[in-house]
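Here is a short report on helix packing and aromatic pairs. Keep the structure in view while reading.

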Amino acid sequence: MEKVFGIYTPFIHAYLDDLLAMPVILGITLQIFRWIHPAKNTFIFRKTPLLVAWIYVSIVFEWFLPTQSNQYIRDPWDILCYGLGTVYFSLFINQKKFTSA
């Protein structure tokens with residue numbers, strides 16, 4: 001929207017990537033697990049792995065990387081966005097798929 005239409009929304013510019021990060025990361029990971037796990041489409045992540053993923057991404061992107069480079073900035077609101085994205089993933093994406101065969 002910014003580049004094509006010149007529409008600039010500060011909140012979307014600042015936090016949309018962070019809101020979408022966990023659903024994208026966890027969604028790709030879930031698909032890979034479903035390809036290799038014996039449970040296939042019925043495999044879902046439990047709460048503990050989701051919590052670990054949220055904490056891991058938060059530590060890497062909001063603590064570790066800002067200490068290594070000035071291109072990364074600490075923002076506690078990003079941690080909240082990662083959490084909201086994880087909750088969204090848990091409620092709407094992390095579901096068993098049953099196929100009729």
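Helices are DSSP runs of H or I with at least four residues, strands are runs of E with at least two, and both are numbered from the N terminus. The model is predicted: local features need pLDDT of at least 70, side-chain atom pairs count only at pLDDT 80 or more, and totals for chains, interfaces and linings use all residues. Numbering runs from 1 along each chain as its sequence is written, and side-chain values use heavy atoms, without hydrogens and water.

**Aromatic pairs**

Rings of Phe, Tyr and Trp (its six-membered ring) pair if their centres lie within 6.5 Å; planes under 30 degrees apart are stacked, over 60 edge-to-face, and the rest tilted. By this rule there are seven aromatic pairs. Two of them are tabulated below.

| Pair | Centre to centre | Angle between planes | Class |
|---|---|---|---|
| Phe11 and Tyr15 | 5.5 Å | 45° | tilted |
| Tyr88 and Phe92 | 5.0 Å | 45° | tilted |

Phe11 and Tyr15 are four residues apart in helix H2, so about one helical turn separates them. Tyr88 and Phe92 are likewise four residues apart, in helix H4.

Buried means under 20% relative accessible area, exposed over 50%, and partly exposed in between (1.4 Å probe, protein chains only). Phe11 is exposed at 53%, whereas Tyr15 is buried at 15%. Tyr88 is partly exposed at 44%; Phe92 is exposed at 57%.

Ring pairs also link Phe33, Phe43, Phe45 and Phe89 into a cluster.

**Helix H4**

In H4, the buried residues include Cys81, Tyr82 and Phe89.
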